[in-house]
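Biologist: I have a fold on my screen and would like to learn to read it. Can we go through it feature by feature?

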Amino acid sequence: MISIACDVCKKKMDDPQTDRNFFYVINHSICEPCKDNLEYQIKSTVRGREPFTMEWYEKLLRDSLGKAIQKGKI
Ligand SMILES: [Zn+2]
């Protein structure tokens, strides 16, 4: 059985393959609540961004996730 932990909140998932509540974002595994929080956090930044590019979005996602992992929360 593979056991992985969320990179942000360190919550352990015993059976991530059947639970389907783990997500891979920019080479990190994060749980569903953390993913929701991350999306919520960057939503206000993404809204109103002109012009919108995938490169910019990925950088924003990577930066936000990096900060969240350092703090241990989003
Ligand atoms: Zn988490």
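Biologist: Which residue takes a positive phi just after α2?

Modeller: G48 does, with a phi of about 85 degrees. Some ground rules. This is a predicted model: local features need pLDDT of at least 70, side-chain atom pairs count only at pLDDT 80 or more, and totals for chains, interfaces and linings use all residues. Residues are numbered from 1 along each chain as its sequence is written.

Biologist: How many helices and strands are there in the protein chain?

Modeller: Helices (H or I, at least four residues) and strands (E, at least two) are DSSP runs, numbered from the N terminus. The protein chain has 3 helices and 4 strands. Along the sequence the pattern is β-β-α-β-β-α-α.

Biologist: At what angle do α2 and α3 pack?

Modeller: Axes are lines fitted to C-alpha atoms, for helices over the stretch in contact, and angles run from 0 to 180 degrees between N-to-C directions. Here the angle is about 135 degrees, and the axes of α2 (residues 32–46) and α3 are 11 Å apart. Angles under 35 degrees count as roughly parallel, over 145 as roughly antiparallel, 65 to 115 as roughly perpendicular and the rest as oblique. α2 and α3 are therefore oblique to each other.

Biologist: Which residues make that contact?

Modeller: Two residues are in contact if their C-beta atoms, placed from the backbone, lie within 7 Å. α2 brings L38, Q41, I42, T45 and V46. α3 brings Y57, L60, L61, S64, L65 and A68.

Biologist: Is C31 buried or exposed?

Modeller: A residue is buried if 20 or more other C-beta atoms lie within 10 Å of its own, exposed if 12 or fewer, and partly exposed in between; the C-beta atoms are placed from the backbone. C31 is buried, with 23 others within 10 Å. C31 sits in strand β4. Setting aside neighbours within four places in sequence, C31 contacts C6, C9, K11, M13, N21 and F22. S29 is also in β4. With 16 C-beta neighbours inside 10 Å, S29 counts as partly exposed.

Biologist: Which residues make up the largest nonpolar core?

Modeller: A nonpolar core is a set of buried Ala, Val, Leu, Ile, Met, Phe, Trp, Tyr and Cys residues joined through C-beta atoms within 7 Å. The largest one has 8 residues: C6, V8, I30, C31, C34, L65, A68 and I74. β4 (28–31) and α3 (54–71) each supply at least two residues of this core. Buried residues make up 11% of the 74 residues in the protein chain.

Biologist: Which peptide bond is cis?

Modeller: The bond from E50 to P51, with omega near -10 degrees. P51 lies in the loop between α2 and α3.

Biologist: Where is K10, and what is its phi?

Modeller: K10 is in the loop between β1 (4–5) and β2 (12–13). Its phi is near 65 degrees, a positive value in a residue other than glycine. K10 is exposed, with 11 other C-beta atoms within 10 Å.
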